[in-house]
Amino acid sequence: MAETYIIPTLTLERGGTLRHAPVAYRTWGTLNDAGTNALLVCHALTGDPDVDTWWGGMFGPGRILDPTAHYIVACNVLGSPYGSASPLTTVPATGHAYGAAFPSLTIRDTVAAHKHVLDHLGVQHIDLVIGGSMGGMQALEWSFYGAYVNALAVMAVGGRHSAWCIGWSEAQRQAIFADAKWNDGVYDPADPPRQGLAAARMMAMLSYRSAQEFDQRFGRDKQPGTAALFAAESYLQYQGQKLVDRFDANCYVALTRQMDTHDVARGRGEYHSVLANITQPTFIVGIDTDVLYPLHEQRELAAHLPNSHLHVVESPYGHDGFLIEQTAINNALLAWHQPYSTLAARPVNA
């Protein structure tokens, strides 16, 4: 079960504040007396803090997410409908939900909120920050907390959101805005813009997978029991409906806009020079079939981060490979992290 910490006042990067801002989080294991055995997991766009569920193959004794060795913390991002401050949150002053009036946030705002949670928990030092996609954006931002963070694992992302990714995000938002039930983000929560959100998710799923996988998995097969529907169409419709059943359109808009702010160099200097100043040991995972964050973005990170290691995963699953190829990633990451961990007697594998 997730717990909630209320941040009294959170100052936002673009100005303004969030007051009484909730952040949902989960923990596993025990924080040591010095507060130095923490491992922070950062989740992706529509994810949640239940890392033991969606990264179960990397979770458990002898694996990289080992609650017998680390105090594992996973926090829900700002803007998410899963318990943190978002468009669904009630504004203390009005008693109504923020809706489309929810403040414009950045990845740095989410990381700052999570730092409040870690302070509340008594964490004095993070042994490893790990995240993929939007979680990888957060992991990179944690590097700017200096000696507070020992090492990073950054998967399936670059150091800044590309025009390609911004374009994908905007196309998905426009699908939501085109829904007849969308009215500048103000809608009846009981009757939300479901078709628009489903269409946005279908677009996203195409960017998360690969042409190779679609051809091998679906080909030109028809969906069983139908005369006209292709199996690929049925799959996308199913994925769209799944998200509609568990997510909120305003939150999706807010989160994709937050991802578009991702740029480690914003306000810090020239991009490659900023990367060169990230000195923590960094394990970089690239997926060879990722069309959303192509491998050249991870190669660029590895070329400019002075203490990095690039691990390329060969997978037909595209961007989602960081969620699917758990055994391969776990084993490679665990072996890499062993000499860098600040914990004594960290096992290489089990």
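Q: Which residues does Val-129 touch, leaving out those up to four places away in sequence?
A: This is a predicted model. In it, Val-129 touches Leu-40, Cys-42, Ala-139, Trp-142, Val-149, Ala-151, Leu-152 and Ala-153.

Q: And which residues touch the most other members of the largest nonpolar core?
A: Val-129 is one of them, along with Leu-18, Ile-126, Trp-142 and Tyr-252. That core has 78 residues.

Q: What lies apart from it?
A: Another core, of 28 residues. Val-51, Ile-64, Leu-65 and Phe-283 are among them.

Q: Switching to helices. How do you describe two packed ones?
A: By the angle between their axes and the distance between the axes.

Q: OK, at what angle do H5 and H7 cross?
A: Roughly 125°, and their axes come within 8 Å. H5 covers residues 194-208, and H7 covers residues 231-246. That angle makes H5 oblique to H7.

Q: Is the crossing left-handed or right-handed?
A: The crossing of H5 and H7 is right-handed.

Q: Which residues meet there?
A: From H5, they include Leu-197, Met-202 and Met-205. From H7, they include Tyr-235, Leu-243 and Val-244. The residues of this contact divide into 9 nonpolar, 4 polar and 4 charged.

Q: New topic: where is Asp-320?
A: In the loop between strand S8 (308-313) and helix H11 (321-324).

Q: Buried or exposed?
A: Asp-320 is buried, because its relative accessible area is 11%, and buried means under 20%.

Q: What does Asp-320 touch, not counting residues up to four places away in sequence?
A: Met-205, Tyr-208 and Arg-209. Met-205 also belongs to the H5 side of the contact with H7.

Terms used
Residues numbered from 1 in each chain as written. Predicted model: local features only at pLDDT ≥ 70, side-chain atom pairs only at ≥ 80, totals over all residues. Heavy atoms only, no water. Axes fitted to C-alpha atoms, helices over the stretch in contact; angles between N-to-C directions. Helix = DSSP H or I, 4+ residues; strand = E, 2+ residues; numbered from the N terminus. Parallel < 35°, antiparallel > 145°, perpendicular 65-115°, else oblique. Left-handed = near helix turned anticlockwise from the far one by under 90°. Contact = heavy atoms within 4.5 Å. Nonpolar A, V, L, I, M, F, W, Y, C, P; charged D, E, K, R; others polar. Buried < 20%, exposed > 50% of the residue type's maximum accessible area, 1.4 Å probe, protein only. Core = buried A, V, L, I, M, F, W, Y, C linked by side-chain atoms within 4.5 Å.
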